[in-house]
Amino acid sequence: MTVGEGYDVTDAGQERLRRWRLVLGGGPADGTGCALSGRDAAMDGALAALYGKGDKPPAGRTGRDRSAGLGGSAPSVARWLGDIRKYFPSSVVQVMQRDAIDRLGLASLLLEPEMLEAVEADVHLVGTLLSLNKAMPETTRVTARTVVRKVVEDLEKRLATRTRATLTGALDRSARVSRPRHHDIDWNRTIAANLKNYLPEYRTVVPERLIGYGRASQSVKKEVVLCVDQSGSMAASVVYASVFGAVLASMRSVSTRLVVFDTAVVDLTDQLDDPVDVLFGTQLGGGTDINRALAYCQSRITRPAETVVVLISDLYEGGIRDEMLKRVAAMKASGAQFVTLLALSDEGAPAYDREHAAALAALGAPAFACTPDLFPEVMAAAIEKRPLPIPDAV
């Protein structure tokens, strides 16, 4: 590697040592010999409080060790939350908050309103709050709803417009008409349907039969059933599904039902006008009975040819596996579109039951993880009854 003119090798080396010092935590054993001061020392203290808790320095060790911890004190945690927001960008703050909750058992402190006001709100924090929902005192519940509403409103701003536009287009295309107006003609399908009328001498196709797009209206509806696993591992998916459920429910051409389940089944359709109410109507944790949930959804289908059922679950079934698969096969045989999402989140590849996923794929219902940005395209494909845009890595 050639060092360009004006590039200070000494400065680059010092910066590298500084970064390693922040990672390793200090003391002779880290091998950096780098001392920190000012802002760097404060950053190191914030990292030590979280990632050094429980580390025991060896005998005779000198220098700062990483065993400061946050203790069980709400004031000390509140100060720490303020510090990390001062020293680190928002994306890093959210990761550190999640690690603090997991590593140091700070979930109980989130039951205090003052703590909730100090944290950086994101989807994962909402999932933690929902898991604590039943234990919250009323004063905390008010603050928690404010935190959850902020996250939900941010998600709606990000997702709603594109979702409505994508699905409106899909609804229009799914309503085919045989006598379309000129600007509604689907030329690709019209040409394909009239290839037998090709006139070689004129090098043209005579379109005896026109195929066009209809216009979705209140009388041309699709029915969407979102069936969402609310076991503890599905927290982020529950949040996103609630937001998407509210967006779909706001579209007059779509009749939307939202069902959440563990070993019990709860229909939250009547709360879809407010996704915050939906989220506080869930109860994260517990077992899983997919078969029971699908039985309920199946009983609510009245127009199978116009229905899309979306199962969002990691497929760890606690109910009757064979019955679950029979229900999926029956819904597909009736004409309903069936979509299985292993997760609806940005968290990457989820853990899931591979045997059940393979069995569903054999039925023509492949299971895959879906990001929130991809979800509108998946729903549009299901509405139009075309192949789903399944990501390469599933």
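**Entry 1. R145 and D277**

I started at R145, which has a relative accessible area of 26% and is therefore partly exposed. The model I am reading is predicted. I looked for the partner of R145 and found a salt bridge with D277, with the closest N and O atoms 2.6 Å apart. I then checked where the two sit: R145 is in helix α7 (residues 138-174) and D277 is in helix α10 (residues 275-280). The two are 132 residues apart, so I noted the pair as a link between distant parts of the chain. For D277 I read 30% relative accessibility, so D277 counts as partly exposed too.

**Entry 2. Salt bridges in general**

I looked up the total and got 15 salt bridges in the structure. Side chains of opposite charge can pair when their charged atoms come close. I also noted a network of salt bridges that links R158, D346 and D373.

**Entry 3. K222 and E306**

I turned to K222, which forms a salt bridge with E306; here the closest N and O atoms are 2.6 Å apart. K222 belongs to strand β5 (residues 222-229), while E306 is in the loop between α11 (290-299) and β8 (307-312). I recorded this pair as linking distant parts of the chain, 84 residues apart. Is K222 buried or exposed? I read a relative accessible area of 8% for K222, and the cut-off for buried is under 20%, so K222 is buried. For E306 the value is 28%, which means partly exposed.

**Entry 4. E355 and R321**

I checked the side chains of E355 and R321 and found that they meet in a salt bridge at 3.8 Å, N to O. E355 lies in helix α13 (residues 354-362) and R321 in helix α12, so the pair ties together parts that are 34 residues apart in sequence. E355 has a relative accessible area of 53% and is exposed. R321, at 27%, is partly exposed.

**Entry 5. L325 and A359**

I stayed with helix α12 (residues 321-333), where L325 lies. I read a relative accessible area of 13% for L325, so this residue is buried. I then took the C-alpha separation of L325 and A359, which is 7.6 Å; the two are 34 residues apart along the chain.

**Entry 6. The cavity**

Rolling a probe the size of a water molecule over the atoms shows where empty space is left. How many cavities of 30 Å³ or more are there? I counted 1 cavity. The volume of the largest cavity is about 120 Å³. I listed 15 residues in its lining, and those closest to its centre are L81, Q97, I101, L110 and V119.

I next asked which elements supply the lining. Helices α3 (74-87), α4 (90-104) and α6 (123-131) each give at least two residues to the lining of the largest cavity. The largest share, 5 residues, comes from α4. By residue class I divided the lining into 10 nonpolar, 3 polar and 2 charged residues.

**Entry 7. A nonpolar patch**

I found a nonpolar patch of about 320 Å², made by W20, V23 and L24. I placed L24 in helix α1 (residues 9-24). I read 41% relative accessibility for L24, so L24 counts as partly exposed.

Note on methods. Residues are numbered from 1 along each chain as its sequence is written. This is a predicted model: local features need pLDDT of at least 70, side-chain atom pairs count only at pLDDT 80 or more; totals for chains, interfaces and linings use all residues. Side-chain values use heavy atoms; hydrogens and water are left out. On a 1 Å grid over the protein atoms alone, a cavity is a set of points where a 1.4 Å probe fits but cannot get out, and a pocket is an open set with protein on both sides within 12 Å along at least five of seven lines; lining residues have an atom within 4 Å of a point. Grid points are joined across faces, edges and corners, and a volume is the space filled by probe spheres set on the points. Helices (H or I, at least four residues) and strands (E, at least two) are DSSP runs, numbered from the N terminus. Ala, Val, Leu, Ile, Met, Phe, Trp, Tyr, Cys and Pro count as nonpolar, Asp, Glu, Lys and Arg as charged, and the others, Gly among them, as polar. Patches are made of residues with over 30% relative accessible area and no salt bridge: like charges are joined within 9 Å, nonpolar side chains (Val, Leu, Ile, Met, Phe, Trp, Tyr) within 5 Å. Accessible areas come from the Shrake-Rupley method with a 1.4 Å probe; for residues, only the protein chains shown count as cover. A salt bridge is a side-chain nitrogen of Lys or Arg within 4 Å of a carboxyl oxygen of Asp or Glu. Buried means under 20% relative accessible area, exposed over 50%, partly exposed in between (1.4 Å probe, protein chains only).
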